[in-house]
Amino acid sequence: MDKSEALALGLSAVLLLVFFVAIVFASAARGIDVPTCITDPDPFERGQLIEHAEDRYELQMVAQMWSFQPRRIEIPAGSQLEIYLRSGDIMHGFKVEGTNVNMMAAPGAINYMSLTLHEPGTYALVCHEYCGVGHHNMRGEIVVTES
Ligand code: CUA
């Protein structure tokens, strides 16, 4: 093996290790997560908030031109919110401002993320994927009340 080939292989191995450590650090230490795509869903037609327990809620969210359904939900601080997201028509974005929740609403699939909001307040939901003339009005909110 040529000396420069060995150097390139060695550098590649070091880079792979650095990237792997960065992913583990982001996930474990920083709590950065990626959405889970559920490809064989039992699709829900309408958006709704379901209370499973006093501190555990399931949000079935539908993104469609040009609104979120439900547009506004209210949960107590510290509750676990399990978000299931689907699209009613085309591609939309779904971001909860001030959190790590950032998903795509893709036709034919359901994306999932879990979120716990400890601080009371109003968290804006925004569509961050251009989806037509009403895109800039596609907003919603999560209101977190004192528990
Ligand atoms: Cu929906 Cu932009």
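How many bridges join β6 to strand β9, and do these strands run parallel or antiparallel? There are six bridges between β6 and β9, the latter spanning residues 110–116, and the two strands run antiparallel. Before I continue, please note that this is a predicted model.

Within this pairing, Glu82 is found opposite Ser114 of β9. On β6 there is also a second pairing to consider: strand β3, residues 56–64, is joined to β6 by eight bridges, and here the strands run parallel. An example is Val62, which has Arg86 of β6 opposite it.

What of its surroundings? Strand β6 comprises residues 80–87 and is mostly covered, with six of the eight residues buried.

Let me now turn to another part of the model. Five strands form an open sheet in the order β5-β11-β10-β7-β8, and the pairing is mixed. At its edges are β5, residues 72–76, and β8, residues 102–105, each of which pairs on one side only. From one strand to the next, the twist averages 20°.

Inside that order, strand β7, residues 92–96, is connected to strand β10, residues 121–126, by two bridges, and the two run antiparallel. Lys95 has Val126 in β10 as its bridge partner.

Thank you; I am glad to take questions.

Definitions and conventions
Residues are numbered from 1 along each chain as its sequence is written. This is a predicted model: local features need pLDDT of at least 70, side-chain atom pairs count only at pLDDT 80 or more; totals for chains, interfaces and linings use all residues. Side-chain values use heavy atoms; hydrogens and water are left out. Two strands pair if DSSP finds at least two bridges between them. Helices (H or I, at least four residues) and strands (E, at least two) are DSSP runs, numbered from the N terminus. Axes are lines fitted to C-alpha atoms, for helices over the stretch in contact, and angles run from 0 to 180 degrees between N-to-C directions. Buried means under 20% relative accessible area, exposed over 50%, partly exposed in between (1.4 Å probe, protein chains only).
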